[in-house]
Amino acid sequence: MANQRIMIEDQTMNEVLKSMYRLGGQVSRKEIRQDIHDNSEVISEDEVDRIKVSKKTGKNYSPFAWTLNFAVKYLIMTGYLHEDGHLLELTEKGRNVDVAAFDGARDVRPVVEKMLAQEKQNKVTSSDKINTDDHEDPDELEEPWRQQLLDALTKMNPQKFELFCRGLRTKMGINTDDELGVQYVADGGIDGFGYIIADDFRTIRVALQAKRWQGKVSAPEIDKFRGAMDKFNAEFGIFITNSDFTREAVKTARQGSRIITLINGDQICNLVAKYHYYVEPVTTYRLKDFYWDKD
């Protein structure tokens, strides 16, 4: 089991560096996780999405979230990454590495094991160690309101969910046409049609789809939506869901001459925060290690 865990961590280090390059070198853990979910050829989307129940706390947690955090920590320890607040950045060493040739098992693991052995020998305080028994998802610890929002959307009645989506689209600058699209839902097409005025004052036709799903939206749903876009002569489409999209759905949305913008539950949370849409910011404080260190 330990050997398998180490192998997965080493594999994830490779994928983290690839993701950092794809995303431009300065991103959050959450963005890396989503990018690996959508684009990795090594780690499956099912592995990224897998949820387990902690025997210690009885709460759900994501094993991959913890694997990712270990991988990131090791890359920081060995100088490939730097952390600035909630953002990770490639260091000079990280920017100059040959990603295709990089091997976490060879380039990072031996160095990390020596460093951890030295820490153990020096008896560092528990606050400096990685806690392998605590299975709280770090993302949820930071921002519990996000899951609360997604839970609330799942429980909303259809009318209230439609009101929410209409308001969010308005915040996004989309002028919804009340006469087009609404009656086309039963045909598997669109549930909205609107217009966006671009910065150069061009008006763009956009087809809209908003679905509440328990699972992930699959590629056939994207194909249906694209067919409806053709009938309405929409120049592009926006597909919103409270859940997420399969990897094949993401690929399908990127194909063809008209890309479909996919907005999943996590991105809904980002938009709600950006526009302060039925939420209000709360300022709080978190004690730093100074108060917990056993001097």
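Modeller: A search of the whole structure finds 18 salt bridges, a salt bridge being a side-chain nitrogen of Lys or Arg within 4 Å of a carboxyl oxygen of Asp or Glu. The model is predicted, so local features need pLDDT of at least 70 and side-chain atom pairs count only at pLDDT 80 or more, while totals for chains, interfaces and linings use all residues. Residues are numbered from 1 along each chain as its sequence is written, and side-chain values use heavy atoms, with hydrogens and water left out.

One of the pairs is Glu9 with Arg5, where the closest N and O atoms are 2.9 Å apart. Both residues belong to helix α1 (residues 2–23), and because they are four residues apart there, about one helical turn separates them. Helices here are DSSP runs of H or I with at least four residues, strands are runs of E with at least two, and both are numbered from the N terminus. Glu9 has a relative accessible area of 1% and is therefore buried, whereas Arg5, at 42%, counts as partly exposed. The terms are set as follows: buried is under 20% relative accessible area, exposed is over 50%, and partly exposed lies in between, with a 1.4 Å probe and protein chains only.

Another pair is Glu162 with Arg166, whose side chains meet in a salt bridge at 3.7 Å, N to O. These two residues both lie in helix α10 (residues 158–171), again four residues apart, about one turn of the helix. Glu162 is partly exposed at 27% relative accessibility, and Arg166 is partly exposed at 29%.

Arg50 has a relative accessible area of 35%, so it is partly exposed. Glu47 is partly exposed as well, at 25% relative accessibility.

Leu287, Phe290, Tyr291 and Trp292 make a nonpolar surface patch of about 550 Å². Patches are made of residues with over 30% relative accessible area and no salt bridge, joined within 9 Å for like charges and within 5 Å for nonpolar side chains (Val, Leu, Ile, Met, Phe, Trp, Tyr). Phe290 is found in the segment after α13 (265–275), and its 63% relative accessibility is why Phe290 counts as exposed.

Terms used:
Accessible areas come from the Shrake-Rupley method with a 1.4 Å probe; for residues, only the protein chains shown count as cover.
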